[in-house]
Amino acid sequence: MTRIAKVIVDVAAYPVDRPFDYLVPADWHDLIECGCRVKVPFGPRNVLGFVVELASETDVPLDKIKPITQVLDIEPVLTEEMLSLAKWLKTQTICYEIDALQVMLPSALRAKYEKIVHLQVALEQLDPILAAFFKKSAKANFKQFEKESLLKELKQAVNKGHVRIENEVKQQGKIKEVRKVQIHAEASYIAEIEQQISKRAKKQIHLVQWMKAHCGEIFSPEEIYEQAGVTATVLQALIEMGAAKFIQEEVYRDPFTKDVAQTTALNLTAEQEQALSYITAAMKKQHNETFLLHGITGSGKTEVYLQAIQQALQDGKEAIMLVPEISLTPQMTERFRSRFGEMVAVMHSGLSVGEKYDEWRKIQQGKVKVVVGARSAIFAPFQHVGLIILDEEHESTYKQEDAPRYHARDVAIWRSKFHQCPVILGSATPALESFARAKKNVYTLLTLKERAKQQALPTVEIVDMREELKLGNRSMFSTSLIEAMRERLVRKEQIVLFLNRRGYSSFVLCRDCGTVVQCPNCDISLTYHRYNEKLKCHYCGYDEYVPQSCPQCQSEHIRFFGTGTQKVEEEIYKLFPEARIVRMDVDTTSQKGAHEQLLDIFGSGQADILLGTQMIAKGLDFPNITLVGVLSADTSLHLPDYRSSERTFQLLTQVSGRAGRHDLLGEVIIQTYTPEHYAIELAQAQQYEPFYTREMYSRHQAGYPPYYYLALVQVSHEDVIMAAEYAGRVADYLREKLSFNVAIIGPTTASISRLNNRYRYQCLIKYKVEPNLIETLLQLIKIYRTDWSKKGIQLIVDLDPSVI
DNA sequence: AGCACGCCGACT
DNA sequence: GTCGGCGTGCTC
């Protein structure tokens, strides 16, 4: 019987975004399963693909069908659950199925391709310039020819048939192995060997006796040298005699750097107890209920998570815990490791490709039961998920910014339906959408109103910086913040200073003509980095050295401007020369492990002040912090984003929560130029619900979520006119096809109007119910794929965008 | 997306 | 005459 595999090929393009049929060679009938990666011929080249279905017939004429070239996995890398999740993602987010499949795997399992040039004739026949590359072997890497700009010569050789170029799929995912020694399992057998040893070989006799006490056990050679007190030659001799053998053992690269002490469950408050009981009840009933756990900062949400996970493990299930990348601090992961020990895998962007792959395999092979990770950990290949948690559920990092543009919350809810398990969305400042859903009983609301250790909430003072300016204080520190800092330094208590960096970074400005140095590829000013004296574009990565004179007017009065953390650090040193400062920003934390190291320095009391951006707003829990200063609260308030008030409120509440979490009372000082704004006033009051009510009113007025859904269509082209014209066509098309009560805003320029040399325009769709939306967008893409893409137009559709 | 095929202009 | 430009169309 013939067997056909339906394969999604690794080519991200609309015309090939469907399964292709391949013949499964008879030898592999038992080997190939759904979810395996395979190598297949596709047109003139070889590509990687995923088997998504097995069938016994096909509609494709048999002369067109080609066989699978190679199987890359003995065990499928994707389960049936993941295959159907990919289909759902494809329609839900309008992406290529291959993108949806790839996002579920660690990058080590995604294909890498390499062009290889094969020599087809005798070396002497070949163009002598090319011949140099084939001295060692008949194969050479295509890149070498590119580097030496010999592509013309190469092409001629291809035309003459002297060489052949092939696209090869590189096998990925190296399993790390170490050599270990396994002692023979039978003591009697070892005893026999002992008889053969010469009486003079004292060391060998010593080792063989030690081996008799460790029959069948596995050691690293080093362990044996140390424990038995012998050297490599002695061990070698006994292995040759057969008392033990070398084996290859799979190892996992261990991303944890230090050991942690075991901890046990803490006593819960009545509130925590009640929240937990609701969650465990849903777990017992195998009910896919979504809980919104709204707990103020310091109310002990994490302890509720830990005990709920404990319950899942006791029921023989697994648990997925998501945290925003930025708060995936060592403190957080340690807390999980100390509770669940070796049962925990960690997934975040700080791990190497190999480490991520190893953590993934631990999950897939069932070696761990809990995963703590950033967004993509929602795809953890567990088979019996008992609980999914999203901590800080309001964070925008849960939405992926490129294809597939999924929200981890939606995937979590999808998987919870599949596994019949609850989801916990936890936050001190829930996203408006989530709180609204809880109010409508779509989610079950659980509330923690008290701090777990009964500490008072910190006092929050708002300082009007306009008044400071009137009083002649032109520095970035208000008098009351300076006073409060001085007090803490005297009392040897710790300070956290938070710089709301968005729109606040340092740029280079000419004081004569006002020119700000811009990125040549994007419509964005370059950011100054002191450590290498360079200007860098944070969007496309372009960098250049700081110019000595203004590129516009040649004036030499050009200098960096703005308030980066480096500038603040300098200012603090002027005020308090004796203060010990730890600065955390992109510059100081870019190296691996730097984040952890800096927090260790601060946590152990070797510094007085922790100065940083967004990355210090969450998860920090140090008992000695009694003062939190927010240098400028309103920089995030005036961004052209309908969520800017919500973001500001969330940020201020989060950062205030860092103070006074233990015995000492905390104080928060917020500096602002708009103290009357409700986001700032209500953050001072530390009241979520009044903020929710006020903000819901604004959203209702302006027609934004949660009252309306949003969809964004972005058009980009290297030429402004083309981008604008086609964005106009998009708007016309949408207005024609969508119903009259759907609002279509635009086309307008995107907030970053040029990125990587492409001009960007966008249309925003606001709708309540529009059954035709997905269908209309798909039609739009159809037009685009046949016609527009040839003209260099790029079209992106983002449903429920996080940034507009 | 990539790559071959195929049809037109400017060169050894 | 041929080399190479890029518009067109297909990939099981």
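**Labels and their grounds**

Modeller: At 1% relative accessibility, Cys537 counts as buried. Keep in mind that the model is predicted.

Biologist: Why is Cys537 called buried at that accessibility?

Modeller: The cut-off for buried is under 20% relative accessible area. Cys537 has 1%, so the label applies. Cys537 sits in the loop between strand E23 (534–536) and strand E24 (543–545).

Biologist: What does Cys537 touch, leaving out residues up to four places away in sequence?

Modeller: Cys537 touches Cys519, Cys522, Leu526 and Tyr542. A contact requires heavy atoms within 4.5 Å. UniProt, in an unreviewed entry, places the feature "binding site" at Cys519, Cys522, Cys537 and Cys540.

Biologist: How do you know whether Cys522 is buried or exposed?

Modeller: Its relative accessible area is 1%, so Cys522 is buried. Cys522 lies in the loop between E21 and E22.

Biologist: Which residues does the other UniProt "binding site" annotation cover?

Modeller: The record, again an unreviewed entry, gives Cys510, Cys513, Cys550 and Cys553. They are spread over 44 residues of sequence, yet they cluster in space.

Biologist: What makes you say they cluster?

Modeller: The largest C-alpha distance among them is 8.6 Å. Beyond four places in sequence, Cys510 is in contact with Thr515, Cys550, Cys553, Ser555, His557 and Ile558.

Biologist: Why is Cys513 called partly exposed?

Modeller: Partly exposed runs between the buried cut-off, under 20%, and the exposed cut-off, over 50%. Cys513 has 36% relative accessibility, so it falls in between. Cys513 is in the loop between E21 and strand E22 (527–529). Cys510 is buried, with a relative accessible area of 1%. Cys510 belongs to strand E21 (residues 507–510).

Biologist: On to helix H20. Why do you describe H20 as largely enclosed?

Modeller: 13 of the 13 residues of H20 are buried, so the rest of the structure largely encloses it. Helix H20 covers residues 644–656. From first C-alpha to last it reaches 18 Å, close to the 18 Å expected at 1.5 Å a residue.

Biologist: What makes Ser645 buried?

Modeller: Its relative accessible area is 9%, under the 20% cut-off, so Ser645 is buried. Ser645 is found in helix H20. Leaving out residues up to four places away in sequence, Ser645 touches Leu637, His677, Tyr678, Ala679, Phe691 and Glu695.

Biologist: How many residues surround DNA strand C, and which are the closest?

Modeller: 13 residues surround DNA strand C. The closest are Arg18, Asp21, Gly43, Lys64 and Lys66. Sugar and phosphate make up 53% of the DNA strand C atoms that come within 4 Å of the protein.

Biologist: What makes the pair between Lys66 and DNA strand C a polar contact?

Modeller: The cut-off is a pair of N or O atoms within 3.5 Å. A polar side-chain atom of Lys66 lies 2.3 Å from a phosphate oxygen of DNA strand C, so the pair qualifies. For Pro41, a backbone N or O atom lies 3.1 Å from a phosphate oxygen.

Biologist: Which element gives the largest share of the surface near DNA strand C?

Modeller: E2 does, with three residues. Strand E2 (20–23) and strand E3 (37–42) each supply at least two residues. By class, that surface has eight nonpolar, one polar and four charged residues.

Terms used
Residues numbered from 1 in each chain as written. Chains lettered and ligands numbered in written order. Predicted model: local features only at pLDDT ≥ 70, side-chain atom pairs only at ≥ 80, totals over all residues. Heavy atoms only, no water. Helix = DSSP H or I, 4+ residues; strand = E, 2+ residues; numbered from the N terminus. Expected span 1.5 Å × (residues − 1). Buried < 20%, exposed > 50% of the residue type's maximum accessible area, 1.4 Å probe, protein only. Near = heavy atom within 4 Å. Polar contact = N/O pair within 3.5 Å; in protein donor to acceptor, adjacent residues only side chain to side chain. Nonpolar A, V, L, I, M, F, W, Y, C, P; charged D, E, K, R; others polar. UniProt positions renumbered as here; feature names shortened; annotations may be inferred.
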